[in-house]
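Subject: Structure handover

Hello,

Here is the structure I said I would pass on.

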Amino acid sequence: MIRTFALASLALCLVGAPTLAFAEDACMTQSMDKKLAGAAKTSFLTKCEKTACETQAADKKLAGAAKASFVKKCVKDALAMSM
C-alpha cells in the first residue's frame with residue numbers, strides 16, 4: 001500500500017514539473033516587482049508557491065493525505081529551486 005502511494009506520488013510530481021516551473025517563475029517575478037527581500041520575500045514565495053501547488057492538486061483531483069503530501073513536496077521543491 002505504501003509502495004503504491006509512493007509511486008503514485010512520484011508520478012504526479014513528474015507530471016506537474018513543467019507547471020511548477022511556470023509557477024516558480026511567476027512567483028519570483030511578482031516578488032521582484034514588489035521589491036521584496038529577506039523574510040518578506042521568503043514568506044511571499046512560500047504563500048505564492050503553496051497557492052500554485054494547491055491549484056495543481058485540485059486539477060489532479062487529489063484529496064486528503066494525497067493532497068497534503070503533494071502540496072508539501074511541491075512547495076518544498078519550488079522553494080529549493082528558487083533559493
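Predicted model: local features only at pLDDT ≥ 70, side-chain atom pairs only at ≥ 80, totals over all residues.

Residues are numbered from 1 along each chain as its sequence is written, and side-chain values use heavy atoms, with hydrogens and water left out.

Confidence. pLDDT is the predictor's confidence in each residue, from 0 to 100. The protein chain has a mean pLDDT of 78, with 69% of its residues at 70 or more. Confidence is lowest in α1, at a mean of 59, and highest in α2, at 92. Over residues 14-21 pLDDT stays under 50, and the model has 11 contacts there beyond four places in sequence (a contact means heavy atoms within 4.5 Å).

Helices are DSSP runs (H or I, at least four residues), numbered from the N terminus. α2 has 22 residues and reaches 32 Å from its first C-alpha to its last, close to the 32 Å expected at 1.5 Å a residue; the expected span is 1.5 Å times one less than the number of residues. Among the buried residues of α2 are Phe44, Leu45, Cys53 and Ala57. Buried means under 20% relative accessible area, exposed over 50%, and partly exposed in between (1.4 Å probe, protein chains only).

A nonpolar core is a set of buried Ala, Val, Leu, Ile, Met, Phe, Trp, Tyr and Cys residues joined through side-chain atoms within 4.5 Å. The largest one has 13 residues, of which Leu45, Cys53, Ala57, Phe70, Val71 and Val75 touch the most other members. α1 (2-33), α2 (38-59) and α3 each supply at least two residues of this core.

Charged pair. The count comes to 1 salt bridge (a side-chain nitrogen of Lys or Arg within 4 Å of a carboxyl oxygen of Asp or Glu). Lys73 pairs with Asp77, their closest N and O atoms being 2.7 Å apart. The two are 4 residues apart in helix α3 (residues 64-82), so about one helical turn separates them. Lys73 is partly exposed at 36%, and Asp77 is partly exposed at 28%.

Loops. Most residues other than glycine have a negative phi. Lys35, although not a glycine, has a positive phi of about 55°. Lys35 lies in the loop between α1 and α2 and is exposed, at 73%. Lys61, in the loop between α2 and α3, has a positive phi of about 60° and is exposed, at 73%.

Regards
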